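Subject: Structure for your files

Dear colleague,

Here is the structure we spoke about. Notes on what turned up in it follow below.

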Amino acid sequence: MPEEVKAHITGVVFQITSKAGDRLAAGDPVVVLESMKMEIPVEAPRAGVVREIKVAEGQTVQEGDTIAVID
Amino acid sequence: MLPSVLVANRGEIARRVIRGCRRLGVRAIAVYSEADAGWPHVAEADEAVLIGPAPARESYLDFERVLGAARKTGARAVHPGYGFLSENWRFAKACEEAGLVWIGPPWRVIQQMGDKVEARRRMREAGVPVVPGSEGALDSLEAAGAVGGRIGYPLMLKAAAGGGGIGMVRVADAAALPAAWASAQRRAQAAFGSGALFVERYVTEPRHVEVQVFGDTGGQVVHLHERECSIQRRHQKLIEESPAPALDPEVKAHLVEAAVRGARAVGYVNAGTMEFIVQGREAYFLEMNTRLQVEHPVTEEVTGLDLVEWQLRVASGEPLPLPQDKIAQRGAALECRIYAEDPAKNFMPSPGTVARLALPAGPGVRLETGVAEGVQVSVHYDPLLAKVVTRGDTREEAIARMRTALEGFVVEGVRTVIPFHQRVLASAAFRAGRVHTQMVEQGGFNA
């Protein structure tokens, strides 16, 4: 089942640390957000393969926005 | 006196500096990003210049845009506040080269104190105690083992080229050293392009006590007493106070004397802070902040002095307004930083729009506020909304006033650390002055 990885805070995409096809363990960072001078990783909620990254570096995301899809 | 000052900052510190300029009849010029057009510091300045879009790299951190605003407005001096460009020696040098007065120490001093290994060396030479450790960068595991044998465990491996806690590895005992050395070296190489490491004793549960110093261009240096800033999260302060509670008078005397000696040794001019870690009767130099501190109001409240006024006078070439024996510490003062962070979610940022803001007032209560109702608290900047400062004849009175003040501090639209402050102020440990820098992370004030 594909699962959406959502931003848990509002921030700017600082770094994309995974790409489509990467195999991630639960807790691995998918992207790193920057908010109020903090770098905050958005982690994979479970193990899986990254199907799609839905954001670009420098993009502002709101809490709850979909960051990526893992399968 | 300087005729005009460009305030290269935003939020509460920009307002504080603008107010200080006003008092002395100095024209204050603000700069702002597109995100801050509606913020109070822009409206309060005599003149304000838009310097770019919201990301700090393209506005508040951009040398050319800030210097361009100074040129355009004919500013005579630059006040950097804290954060942003305040400890960037290249920017201080660029200001000097542009013919602007830098309201801070000479750029060479900022450069020296910004290099952790160099700062340690300079302080050790001046007879200021530093955390026991290696003399400089080490090139081998064997050398690190020898230092470990001399200073004891646990210890810390730190990147010589580093900072901000990156690449630091704690080593519990000698057996753990080889693996830790390899790991720290790899991280230092990746982050800073150099695997050079140095070794320091790991000080368990220390207090953070700092000394406010001031120097003038005539070579005088004084201290304005100490501040305790042990309540921290992620190595950032949340509560500060003066005097430091339950600090042995001999330890305090030793700290202020060492701070003045250290500042004098590097030719310090203007406002600066010597930070120490204290454990029992041992005190070690941590680092020097070559700028005005966020928590300077607690010093103002116990000394009755205006530190921004001192900064402007010293930058104008005047001598220090008072000699050491006229700088007294009276009563007690406390500061709580109001951050837009959620203490229930490990102090995660909480950006948003300030839908409602009600501020406390009353005897002994001072507010330094950057925000106003309706402003957007952006993801691009530090989450500090305001500082609540209270004073009293005693520490108990300052704490009581703070608890009342925080009850009257209402913010809607963003979450803040106010509930955390209320728990700290109510705790037996804090009220007894039994605090250390690792308390928050150990969960000492959890709900």
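**B:Ser33 and the sheet around it**

B:Ser33 sits in strand β2 of chain B. Please keep in mind throughout that this is a predicted model. B:Ser33 has 24 C-beta neighbours inside 10 Å and therefore counts as buried, the cut-off for that class being 20 or more. Apart from neighbours within four places in sequence, B:Ser33 is in contact with B:Ile51, B:Gly52, B:Pro53, B:Ala54, B:Ser59 and B:Tyr60. B:Ala56 is 23 residues from B:Ser33 in sequence, and the two C-alpha atoms are 8.0 Å apart in space.

The strand that holds B:Ser33 is β2 of chain B, and β2 belongs to an open sheet of five strands in the order β3-β2-β1-β4-β5 (chain B), with parallel pairing. At the edges are β3 (47–52) and β5 (101–102) of chain B, each of which pairs on one side only. Strand β1 (residues 4–7) of chain B runs parallel to strand β2 (residues 27–33) of chain B, and four bridges join them. One pairing between them puts B:Val5 with B:Ala28, its bridge partner in β2(B). Two helices pack on this sheet. α1(B) touches β1, β2 and β4 (77–79) of chain B, and its direction makes about 165° with that of β2(B). Helix α3 (residues 63–73) of chain B touches β1, β2, β3 and β4 of chain B, its direction making about 150° with that of β3(B).

**Domains of chain B**

Chain B is divided into domain 1 (4–103), domain 2 (132–201) and domain 3 (207–431). How far apart do the C-alpha centres of domain 1 of chain B and domain 3 of chain B lie? The separation is 22 Å. Between these two domains, 27 residues of domain 1 of chain B are in contact with 25 residues of domain 3 of chain B. On the domain 1 side, helix α1 (residues 11–23) of chain B gives the most, with eight residues. That side has 15 nonpolar, six polar and six charged residues.

**A helix pair in chain B**

Helix α4 (residues 89–97) of chain B packs with helix α5 (residues 107–114) of chain B at an angle of about 175°, and their axes are 8 Å apart. Angles over 145 degrees count as roughly antiparallel, so α4(B) is roughly antiparallel to α5(B). From α4(B) the contact takes B:Trp89, B:Ala92, B:Lys93 and B:Glu96, and from α5(B) it takes B:Trp107, B:Ile110, B:Gln111 and B:Gly114. By class, this contact has four nonpolar, two polar and two charged residues.

**Backbone points to check in chain B**

The bond from B:Tyr153 to B:Pro154 is cis, with omega near -5°, and B:Pro154 lies in the loop between α7 (141–151) and β6 (155–159) of chain B. The bond from B:Ser242 to B:Pro243 is also cis, with omega near -5°. B:Pro243 is in the loop between β11 (236–242) and α9 (249–265) of chain B.

Positive phi values come next. B:Arg234 has a positive phi of about 50° although it is not a glycine. B:Arg234 is in the loop between β10 (221–233) and β11 of chain B. With 11 other C-beta atoms within 10 Å, B:Arg234 is exposed. B:Phe347, again not a glycine, has a positive phi of about 60°. The loop that holds B:Phe347 runs between β15 (341–342) and β16 (348–349) of chain B. B:Phe347 has 19 other C-beta atoms within 10 Å and is partly exposed.

**Chain A**

In chain A, four strands form an open sheet in the order β1-β8-β6-β3, with antiparallel pairing. Its edge strands are β1 (3–6) and β3 (23–24) of chain A. β1(A) and strand β8 (residues 66–70) of chain A run antiparallel and are joined by four bridges. A:Val5 stands opposite A:Ala68 in β8(A).

A:Leu24 lies in strand β3 of chain A. Is A:Leu24 buried or exposed? A:Leu24 is buried, with 21 other C-beta atoms within 10 Å. Beyond its neighbours within four places in sequence, A:Leu24 has contacts that include A:Val30, A:Ala44, A:Val50 and A:Ile70.

**Where the chains meet**

Nine residues of chain A are in contact with seven residues of chain B. The chain A side of this contact has four nonpolar, four polar and one charged residues.

Regards

Terms used
Residues numbered from 1 in each chain as written. Chains lettered and ligands numbered in written order. Predicted model: local features only at pLDDT ≥ 70, side-chain atom pairs only at ≥ 80, totals over all residues. Nonpolar A, V, L, I, M, F, W, Y, C, P; charged D, E, K, R; others polar. Domains from an automatic or database assignment. Axes fitted to C-alpha atoms, helices over the stretch in contact; angles between N-to-C directions. Parallel < 35°, antiparallel > 145°, perpendicular 65-115°, else oblique. Pairing = 2+ DSSP bridges. Buried ≥ 20, exposed ≤ 12 C-beta atoms within 10 Å, placed from the backbone.
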